[in-house]
Amino acid sequence: MTSIEKLVVDDRERGLFRVHRSAFTSEEIFKREQEQIFNESWLYVGHESEIANPNDFHTRRVGGRTVIYTRDRHGEIQVMLNSCRHRGAEVCRERRGNRKVFTCFYHGWAYNNEGKLVAVPDGDSYSEEFDRAEHGLHKPRSETYRGFTFVNFGAAAPSLEIYLADARYLIDLVADQSTTGMQIVRGIHNYSMRANWKLLMENSCDGYHGFTVHQTYFEMMMNLGVTPGLIADKSNGSGRELGNGHAVAESPELGMPLMSEEILAATTERRAAMVARLGEAHTKRMLNTTRNLILFPNMALIDLNFGIQVRTMFPTAPDRTEITGWQLMPKDAPAAVKPYRIDNALTFWGPAGLATPDDVEGLEQCQRGFASMREIEWSDISRGMRSAEPTAVDELQMRSFWRQWNERITGEKSLPEGPRYDTSYLGGATPDAVLETSGSGPSQ
Amino acid sequence: MTNNLQSSELTRSDVEEFLYWEAALLDEWRLEEWLDLFTIDCLYEIPAPDRPDDDPGETFALIHDHRAMLEQRVIRLKKPTAHAEFPHSRTRRMISNVRILGRGADELKVGANFAVFRMRQGIEVTYVGRYEYVLIPRTDGLKIRHRKAILDQEVLDPHGKISIIL
């Protein structure tokens, strides 16, 4: 540990919450995060729609490793480490494609897409003790929930479903938007940030920054004749803890820029079909609230109604983060609605959008400000701490994340804060209480 | 009334002159004048870095601005509340390898390479790629109907953001 005695001050009585800024700058803490968080948590890999057909694959970086995310010849989802068991070279150097066999070009060892070692050139030269069956591609634990595939490099973690706790409701609210399934749109945003990854986790569920950071985005909407939901409705939504460090900020709908008569008609028709399928309360929660969900440790699933952003953020240094953004779409969205959603999504999100660059700027400015850490040691995350009904512009969401982070790093446990996520829209068909039973941390 | 320029009479030199003028307007942050170079039915787009050949209208691209959004992008960038560009980056554009790729009755297809240097707060990044233009000859000079900037960078690291016009 560093010389700091406490990294998180969680004073429930006084309603004060502070995080020590070394959490964003320390090399020692960065290393601990790799071991105690990223090596032990469920980490998002990809969505099953990206590997729709047998033998489809993507390679991507997850938790510092390169993995092959593929659907094998039998249709099963596989996640395998992209490293030859012989000398270590990456066996697949393509970003995506369709392959039955991955052949390491170094000495020619070949693996099928279930990870089995199927060819070793000059294989007769190995002793009888050399067992090919033990030299398949390494497969970390992987599980898929509602189309979202995760891996876990640790051995002690609970199942993905238990780990997701109440966050499952929020994933369901996305996955249930189509009876034919959700689809990742072609095109991936890979970009970097000169700031600590946790700043982006905070930012991904932060309602408080909306009007200051994104003023120009809202002005654009109003210039184009849209009244953002927050302005029209005046409600500040809610912030809720979901267990295990997951949390959500939920707000009234933001409004839909550039809506044409055709899009409006298609959207109205789609909503009516949703009401017939799921009822009004469920539909309203699904289509007329915006939900900024964060999944501990490093994923965000953000539904702003005009688009659904899937995002991961991995640290490469205390002040460097690799970010990936994908766009999720109902497969059965009407033909006119698809490009409309894409336009809105990329105009808001992404490294050339009208909103995301300002977020990145804000986080990079925080990181620069941490240079004054000797004089200003603490960041404050107390907003709304003693409120009975925390809102989306309060900071309960971030506190939920930080409490879990603190438990993983220092072992210090904490109690939940605030009411549980309201599932009354399900009409009483609430699955078992998972928040209490799942506990927190990988050891349970 | 004067006649429109004829696409058949335009030379690479004419096109280069136009592209250098455009680059100068952008480097000098004269964005309203830059916007005036576009037609009403214009499109400015940057494909997704991993799908450079796919239609930005159907992929999660970086930019897909028709006129209305392009105007909003310019309005935004000139405000001090466009935080990513306050204070403004300094930029320097190098345009080269200009070629006329096709001539229609009233349009020119043009290709060019670019290197755009962006300097801000002591950090310097270089965006590299190529442009595809559809230019329309008018009485008052060339206008841009379609402007596509195709990045060679597949990962925006260390660029992080494309808050400038590329």
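Biologist: How many bridges join strand 17 of chain A to strand 18 of chain A?

Modeller: This is a predicted model, in which local features need pLDDT of at least 70 and side-chain atom pairs count only at pLDDT 80 or more, while totals for chains, interfaces and linings use all residues. Residues are numbered from 1 along each chain as its sequence is written, and chains are lettered from A and ligands numbered from 1 in the order in which they are written. Helices (H or I, at least four residues) and strands (E, at least two) are DSSP runs numbered from the N terminus, and two strands pair if DSSP finds at least two bridges between them. Strand 17 and strand 18 (residues 299-303) of chain A run antiparallel and form a hairpin with three residues between them; the number of bridges joining them is five.

Biologist: How many of the seven residues of strand 17 of chain A are buried?

Modeller: A residue is buried if 20 or more other C-beta atoms, placed from the backbone, lie within 10 Å of its own, exposed if 12 or fewer, and partly exposed in between. In a regular strand the side chains alternate between the two faces of the sheet. In strand 17 of chain A both faces are covered, with A:T289, A:R291, A:L293 and A:L295 on one side and A:T290, A:N292 and A:I294 on the other. The number of buried residues in strand 17 of chain A is seven.

Biologist: Which helix of chain A gives the largest share of the side that touches chain B?

Modeller: Residues are in contact if their C-beta atoms, placed from the backbone, lie within 7 Å, and the contact takes 35 residues from chain A and 33 residues from chain B. Elements of chain A that each supply at least two residues include strand 14 (189-193), helix 7 (215-223) and helix 12 (356-369). The largest share, six residues, comes from helix 11.

Biologist: How many residues of helix 11 of chain A are buried?

Modeller: The cover over the buried residues of helix 11 includes helix 9 (261-278) and strand 19 (308-317) of chain A, together with strand 2 (63-66) and helix 3 (67-77) of chain B. Among the buried residues are A:Y340, A:R341 and A:F348. Just after this helix, A:G350 takes a positive phi of about 95°. Of the twelve residues in helix 11 of chain A, the number buried is nine.

Biologist: What is the radius of gyration of chain A?

Modeller: Chain A has 14 helices and 21 strands. The radius is taken over C-alpha atoms, and the globule rule is 2.2 Å times the number of residues to the power 0.38. That rule gives 22 Å for 444 residues, and the value for chain A is close to this, so chain A is as compact as a globular protein of that length; its radius of gyration is 23 Å.

How values were computed: Two residues are in contact if their C-beta atoms, placed from the backbone, lie within 7 Å.
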